[in-house]
Amino acid sequence: MKLGVPKELKDREKRVALTPDVVKDLVKKGFEVAVETGAGVSSFFSDEMYSAAGAQLVQGKSKIYSDSDVILKVNAASADEVSVMKKNGILISLMWAATNPDLVSACERAGISAFSMDAVPRISRAQKMDALSSQANLAGYKAVILAADTLGKIFPMMTTAAGTIRPTKVVIFGAGVAGLQAIATAKRLGAVVEVSDIRPETKEQVESLGGKFIVVKGDESIKMEGGYVKGVSEEFLKKQQELVAKHVKEADVVITTALIPGKKAPVLVTEEMVKSMRFGSVIVDMAVEQGGNVVGSELNKTIQKNGVTIIGEGNIPSLLPMNASDLYAKNIQTLLLHLADKDKFKWEMEEEITKGSLIVHNGQAVHPSVKKSVAA
């Protein structure tokens with residue numbers, strides 16, 4: 001079976017789907033691997049490293065797509081990329097299929113099968129395939145570093161002959177994978193950390209990392225599915241905003257991480273809350289690519305409002321391309337080896353991981369999330 005790794009086309013993307021170490025392992029297992037020249041350069045993996053690992057280097061994207069049995073990517077493919085894939089070819093990448101109907105339709109027209117890395121079910125035996133968690137972990141770390149680099153003061157308390165510097169106060173919205181890593185990183189840098197999350201069960205995790213949990217009493221509007229928040233009412237969000245407004249006003253740094261799969265990110269920080277913050281404070285909106293948790297944040301821009309800097313970096317894991325590519329490559333390798341051997345795919349259609357991640361099969365949408373959207 002021939003695996004193809006094209007260079008990513010998305011703007012500001014530096015990651016690559018397979019690293020030389022993972023290529024070497026897959027070649028040992030009997031796979032052929034073709035890598036587009038320059039695919040790993042932005043992740044600091046040279047063509048020579050891929051060649052030494054046993055990959056075939058290919059000039060040009062079209063040959064990769066037309067010759068490969070399986071295409072491995074980080075980001076969702078474009079309709080043009082899918083259209084030149086081999087008939088009955090297989091695509092494995094992040095797809096965000098529920099909000100990307102054009103891609104689903106393109107896969108149907110091309111007669112291919114497509115697995116989505118973001119649809120891998122959140123179960124214990126799929127942890128090594130969980131690309132969302134591996135990338136969010138890095139993003140949580142980097143978000144704190146971005147804030148620390150922008151803020152005009154240090155994070156830890158420091159006592160000097162000239163006086164004592166008070167520690168930075170960091171408020172984090174969301175105690176998922178990204179939020180927990182942000183808490184740990186901010187604490188390591190010496191900040192005082194407060195955390196808001198609509199799930200009361202995260203309190204223990206927050207406190208174990210040294211953060212102070214801001215208690216917001218939940219209600220029946222909070223819908224959970226597979227470890228993710230799937231929905232929350234406007235009334236609850238308003239109640240949360242009112243409770244945390246005082247904490248935001250006193251914060252030096254605010255980091256927001258709240259996402260609802262398939263939906264626009266909930267607004268957590270209002271315009272009034274931004275206005276209330278101290279001059280020189282910093283906000284990092286990690287949900288900016290899905291509409292943003294912060295009123296006024298702008299995708300891939302750093303702006304200032306009322307003296308508050310709002311960082312809207314849309315692809316934070318890509319700022320750490322070596323680590324992000326390494327972890328993603330291991331995620332995608334683990335999924336691939338679960339689904340197939342060197343000769344063929346198993347197509348165990350009722351198996352939980354296969355069923356959860358398979359979006360299109362032989363040109364037909366099969367995942368519940370896209371059957372409805374395609375029909376509509």
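This is a predicted model: local features need pLDDT of at least 70, side-chain atom pairs count only at pLDDT 80 or more; totals for chains, interfaces and linings use all residues.
Visitor: Gladly! How are helix 6 and helix 11 oriented to each other, roughly parallel or roughly antiparallel?
Guide: The axes of helix 6 (residues 131-150) and helix 11 lie 9 Å apart, and they pack at an angle of about 165°. Angles over 145 degrees fall in the antiparallel class. The two helices are therefore roughly antiparallel.

Visitor: Which residues of helix 11 does helix 6 meet?
Guide: This pair has a right-handed crossing. From helix 6, the residues taking part are Ala131, Ser134, Gln135 and Leu138. Their partners in helix 11 are Asn323, Ala324, Leu327, Tyr328 and Asn331.

Visitor: And how many charged residues does the contact of helix 6 with helix 11 have?
Guide: Sorting that contact by class gives five nonpolar residues and four polar ones. The number of charged residues is none: there are no charged residues.

Visitor: Helix 1 also packs on helix 11; at what angle do their axes cross?
Guide: Helix 1 covers residues 20-28 and helix 11 covers residues 321-339. Their axes come within 9 Å. Helix 1 is roughly parallel to helix 11, because angles under 35 degrees are classed that way, and the crossing angle is roughly 20°.

Visitor: Which residues in helix 1 meet helix 11?
Guide: Helix 1 passes helix 11 in a right-handed crossing. On the helix 11 side, the contact takes in Ala329, Lys330, Gln333, Leu336 and Leu337. On the helix 1 side, the residues are Val22, Asp25 and Leu26.

Visitor: How many charged residues are in that contact of helix 1 with helix 11?
Guide: By class, five of its residues are nonpolar and one is polar. The charged residues number two.

Visitor: Let's turn to helix 7; how far apart are the axes of helix 6 and helix 7?
Guide: Helix 7 spans residues 177-188, and helix 6 passes helix 7 in a right-handed crossing. The packing angle of the pair is about 35°. Their axes are apart by 7 Å.

Visitor: How many nonpolar residues does the contact of helix 6 with helix 7 have?
Guide: Helix 6 contributes residues including Gly140, Tyr141 and Val144, while helix 7 contributes Ala178, Gln181 and Arg188 among them. Five residues of the contact are polar and one is charged. The nonpolar residues number eight.

Visitor: What space lies in the largest cavity?
Guide: A search of the whole structure finds one cavity of 30 Å³ or more. Residues lining the largest cavity include Phe115, His338, Trp347 and Glu348, and the lining divides into four nonpolar, two polar and two charged residues. The space in the largest cavity is about 40 Å³.

Visitor: One last stop: where does Asn300 lie?
Guide: Phi of Asn300 is near 60°, a positive value in a residue other than glycine. Asn88 also has a positive phi, near 65°, and Asn88 sits in the loop between helix 4 and strand 5. Asn300 is in the loop between strand 15 (282-285) and strand 16 (302-305).

Key:
Residues are numbered from 1 along each chain as its sequence is written. Side-chain values use heavy atoms; hydrogens and water are left out. Axes are lines fitted to C-alpha atoms, for helices over the stretch in contact, and angles run from 0 to 180 degrees between N-to-C directions. Helices (H or I, at least four residues) and strands (E, at least two) are DSSP runs, numbered from the N terminus. Angles under 35 degrees count as roughly parallel, over 145 as roughly antiparallel, 65 to 115 as roughly perpendicular and the rest as oblique. A crossing is left-handed if the near helix is turned anticlockwise from the far one by less than a right angle, and right-handed if clockwise. Contact means heavy atoms within 4.5 Å. Ala, Val, Leu, Ile, Met, Phe, Trp, Tyr, Cys and Pro count as nonpolar, Asp, Glu, Lys and Arg as charged, and the others, Gly among them, as polar. On a 1 Å grid over the protein atoms alone, a cavity is a set of points where a 1.4 Å probe fits but cannot get out, and a pocket is an open set with protein on both sides within 12 Å along at least five of seven lines; lining residues have an atom within 4 Å of a point. Grid points are joined across faces, edges and corners, and a volume is the space filled by probe spheres set on the points.
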